[in-house]
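Let's take a walk through a protein model together, one stop at a time. Have the sequence and the 3D view open as you read.

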Amino acid sequence: MSVRKIASKLGLSPSTVSLALRSSPKISADTRERVLREAEGLGYKPNAKLNELMSHLRLNGSGPTVACFGVISFYDTLRPWEGSRHLTAVYEAMRSRGEALGYRLESLGLKAPGMNAARFSSVLDTRGIQGLLCFGSPNFEEEFPKELDHYAVVTIGLSISTPLHRVTSHFFNDLYRTLERLHAMGYRRPGLLLNEYEEGRTAHSYPSAYLGWCEHALGNASLMPILRTTEVSAERTLEWVLSNRPDVIVCVHHRREVEKLQMILEGNGMEVPRDVGIAAVTQLLDGTRFSGMQQNQRLMGEWAVELLVSRIMNQDLGIPTNPRIEMVESEWIEGETLLRRQWR
């Protein structure tokens, strides 16, 4: 099914259809959705190799590249997403969106035994791979190898200190929106229980949002001290709760620790949500009874692919002078750990 046939069925010009299939900002969202629905219904798939060839010809007359994106990370394992439901969801969204745009994904071992940056670059060139999707690094200060600075790279999250185009959750806004929602429900003493690792990995976005919101909404930026932990422990948690008396606890932790928080509270005579509410801000909440913000892995994966395709089409290669950061807002999950309160 050609672009011209899709255009004819929708009463649009072929150029409009072509731009819509490439997610061009020149095309309205409604038109883009119409085109994508029609294309999907007709089984249309773009020829990524041809798209890249035409892009090269328009820009500099160079030859085509293979329609493949390399998937890399600075973790010790080849496929770090296989050990994480969160990363698995991001990867599957990447794979699905890449396939829809005519690209396949190939996992490449940047940290494989005996591999170095120069050799890895040779592997990429041999396979004709210009685009890399990166799952980041366990080391926040990781530098992207200079030997790989002539490829198009999009990374997930804020790890890797080298300026790269990246897609990440909107951490600041996620917490701010959570506090706004809690306030609308009648909560007036929100406390923040924060994973120290997440604080560092998100560039201190969570305490910034918390203190800023408290000052704006409650007129007191030091409403109560933030409880920073690596794990939720009974002793520290109970001391903090009894000293500060939060009516709701915003818990930024892995969901295992959120579950532990509820067990500690209820094991010491505080019923959730009657006596104190819990709002989780975490990667995954589906399948739990917790209310809160869950990261949108689907959009993160899709946007990463779309951003990389855009870079390839425009031959925007190398480490960017002005990196583009796309922030994805999390989704609110309605659970059973909050209730509407009457404020007196």
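The lining of the largest cavity is made up of three nonpolar, four polar and one charged residues. In this grouping, Ala, Val, Leu, Ile, Met, Phe, Trp, Tyr, Cys and Pro count as nonpolar, Asp, Glu, Lys and Arg as charged, and the others, Gly among them, as polar. Before going on, note that this is a predicted model, in which local features need pLDDT of at least 70 and side-chain atom pairs count only at pLDDT 80 or more, while totals for chains, interfaces and linings use all residues. Residues are numbered from 1 along each chain as its sequence is written, and side-chain values use heavy atoms, with hydrogens and water left out.

What is a cavity here? On a 1 Å grid over the protein atoms alone, a cavity is a set of points where a 1.4 Å probe fits but cannot get out, whereas a pocket is an open set with protein on both sides within 12 Å along at least five of seven lines; lining residues have an atom within 4 Å of a point. Points are joined across faces, edges and corners, and a volume is the space filled by probe spheres set on the points. Searching the whole structure gives one cavity of 30 Å³ or more, and the largest cavity holds about 30 Å³ of space. Its lining consists of D174, Y206, V281, T282, M293, Q294, Q295 and S330. Strands β9 and β10 (291-294) each give at least two residues to this lining. Helices (H or I, at least four residues) and strands (E, at least two) are DSSP runs, numbered from the N terminus.

Now look at an open space. The second largest pocket contains about 790 Å³. Its lining has 30 residues, with S84, H86, E198, R201 and Q283 nearest the centre. Two or more lining residues come from each of α5 (85-100), β5 (165-169), α8 (196-201) and β9 (277-282). By class, the lining of this pocket has 13 nonpolar, 13 polar and four charged residues.

Rings of Phe, Tyr and Trp (its six-membered ring) pair if their centres lie within 6.5 Å; planes under 30 degrees apart count as stacked, over 60 as edge-to-face and the rest as tilted. The count by this rule is seven aromatic pairs. The ring centres of F171 and Y206 are 5.9 Å apart and their planes stand at 70°, so this pair is edge-to-face. F171 belongs to helix α7 (residues 171-184) and Y206 to helix α9 (residues 205-218), so to speak a link between distant parts of the chain, 35 residues apart.How do α7 and α9 pack? Their axes lie 8 Å apart at an angle of about 35°. Axes are lines fitted to C-alpha atoms, for helices over the stretch in contact, and angles run from 0 to 180 degrees between N-to-C directions. The crossing of α7 and α9 is right-handed; a crossing is left-handed if the near helix is turned anticlockwise from the far one by less than a right angle, and right-handed if clockwise.

Another pair to find is helix α10 (residues 234-244) with helix α11 (residues 255-267), whose axes are 10 Å apart at an angle of about 65°. Here A234, T237, L238 and V241 of α10 touch L261, I264 and L265 of α11. This contact has six nonpolar, one polar and no charged residues.

Our last stop is the backbone. Most residues other than glycine have a negative phi, and most peptide bonds are trans. I160, in the loop between β4 (152-156) and β5, has a positive phi near 80°. V272 and P273 are joined by a cis peptide bond, with omega about 5°, and P273 sits in the loop between α11 and β9.

Definitions and conventions:
Contact = heavy atoms within 4.5 Å.
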